[in-house]
Amino acid sequence: MAMMGDTLTKEAIFEWFSRYVSPPKARFFQHVGIDFVIGRREGPFLWDVDGQRRLIDCHCNGGVFNLGHRHPEIVQALRDSLSMLDIGNHHLVSEWRARLGERLAALTPGDLTYTVFGVSGGEAIDVAIKVARGYTGRTKIISAKGGYHGHTGLALAAGDEKYRKPFGPMPPGFVQVPFNDLEALAAVMDEDTAAVLLETVPATYGMVVPDPDYLPGVRELCDRHAALLIIDEVQAGLGRTGRLWGIEHFNVVPDILVIGKGLSGGVYPMTATVLRPPLMRVFEPDPFIHVSTFGGAEVGVPVALKVLDLTAQPDFLAHVQALAAFFREAFTRLQARYAGFLIRLRQLGMMMGIELAHPQAGPLFSRMAYEAGLLCVYAYNDPRVVQFLPPLIIDRALAEEIVERVDQALAGTAAMFS
Ligand SMILES: Cc1ncc(COP(=O)(O)O)c(C=O)c1O
């Protein structure tokens with residue numbers, strides 16, 4: 001048995017992982033030629049465990065690493081927290097959860113007030129759906145085709161068919177419609193609709209930025225049918241779009257806002273399902289009707305507070321907007337060079353997707369990007385598109401370096417299709 005500190009070759013780690021964790025996953029990465037095992041990690045960079053390769057993280061686990069890896073202030077917050085806190089008891093009243101709840105209420109739009117804490121985004125979506133059903137007494141949950149809300153129970157039922165199919169019957173009442181299509185949504189809304197559940201910018205679907213009137217139109221339809229609007233900002237939240245919340249771009253206040261990934265600071269899992277005041281009614285008869293042992297773990301609260309402090313700063317958001325403008329211009333130039341192959345940069349701030357002409361170009365680009373020193377992952381629900389999510393803390397010089405490397409990856413990918 002290998003012990004911490006032993007030096008293992010990458011091949012040995014692949015073999016070990018394959019023996020005890022997931023043979024198919026190990027095989028997949030060997031097959032696609034991405035034999036990477038994360039070793040050192042710092043800021044925007046990941047190093048292979050053998051130190052031979054450095055990648056710039058342009059995936060960031062969908063926003064977990066918005067502030068880069070091991071941000072010194074975040075790591076310090078966790079160290080300090082560990083000197084006095086632990087998970088706490090999820091049944092009891094907690095000063096720390098109250099602090100984080102207050103901060104979220106202050107920073108989220110409109111009168112979003114009460115937070116139910118969780119550990120994963122899927123769990124946070126499950127809570128949102130439970131609350132919507134409990135509050136309205138209705139069943140139907142409408143979500144978008146190609147959307148992704150997690151691999152757990154109700155979240156899974158709201159997601160794409162390919163993730164559900166192998167697992168037998170799903171809970172009833174889930175309906176999917178094309179994203180960005182108000183008519184399609186209007187056609188399925190009725191007096192049994194509990195909620196419409198949407199990502200502000202569907203990420204796994206390839207960073208589809210909705211038309212400006214889509215989300216306001218959805219809000220109106222929800223109001224007309226007395227249904228709730230659940231907005232999933234597990235990826236779009238926390239500064240990624242250049243505003244603290246992506247939904248702010250559309251002047252819409254949801255009934256439930258779901259926050260995840262980046263709230264962890266990359267070091268301690270924390271998710272939040274933030275509710276408008278009337279929805280608390282669901283918990284009046286029994287405040288323990290939903291509990292989560294690790295949800296809102298006290299030790300993670302100072303980390304989440306630090307994330308919110310850093311990301312809500314106007315200077316930070318201005319920096320994100322400046323980076324977004326830089327990438328917009330850089331991609332306009334790349335588009336001219338790869339005309340007909342690089343279709344467009346889908347973009348809302350630094351929430352970006354590189355749309356390519358060939359239906360299978362995304363996976364190949366991911367491979368070429370790896371060769372060029374970038375970690376990029378294609379959009380599983382639309383493999384023409386590569387998700388492009390550099391950390392939000394990069395400087396201009398690194399942004400330029402990323403563009404050069406994207407250029408190399410595009411050249412390699414385009415050559416395979418010419
Ligand atoms: C938009 C969105 N919602 C929910 C989730 C689920 O989050 P988790 O993997 O933490 O359960 C994800 C994960 O990628 C996501 O992208």
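Trainee: How many aromatic pairs does a search of the whole structure find?

Mentor: The search finds 10 aromatic pairs, where a pair means rings of Phe, Tyr or Trp (its six-membered ring) with centres within 6.5 Å. This is a predicted model, in which local features need pLDDT of at least 70 and side-chain atom pairs count only at pLDDT 80 or more, while totals for chains, interfaces and linings use all residues. Residues are numbered from 1 along each chain as its sequence is written, and side-chain values use heavy atoms, with hydrogens and water left out.

Trainee: Why is the pair of F36 and Y370 called edge-to-face?

Mentor: Planes under 30 degrees apart count as stacked, over 60 as edge-to-face and the rest as tilted. F36 and Y370 have 85 degrees between the planes and 6.2 Å centre to centre, so the pair is edge-to-face.

Trainee: Why is the pair of F45 and W47 called tilted?

Mentor: The angle between the planes of F45 and W47 is 55 degrees, at 5.8 Å centre to centre. That angle is neither stacked nor edge-to-face, therefore the pair is tilted.

Trainee: What makes R53 count as lying over the face of Y370?

Mentor: The rule asks for NZ of Lys or CZ of Arg within 6 Å of the ring centre and within 35 degrees of the ring normal. R53 is at 4.1 Å from the ring centre of Y370 and lies over its face. R99 likewise lies over the face of W96, at 4.3 Å from the ring centre.

Trainee: How many disulfides are there by the rule?

Mentor: A disulfide is a pair of cysteine sulfur atoms within 2.5 Å, and the count comes to 0.

Trainee: How do you know whether C58 is buried or exposed?

Mentor: Buried means under 20% relative accessible area, exposed over 50%, partly exposed in between (1.4 Å probe, protein chains only). C58 has 0% relative accessibility, so C58 counts as buried. C376, with a relative accessible area of 4%, is buried too.
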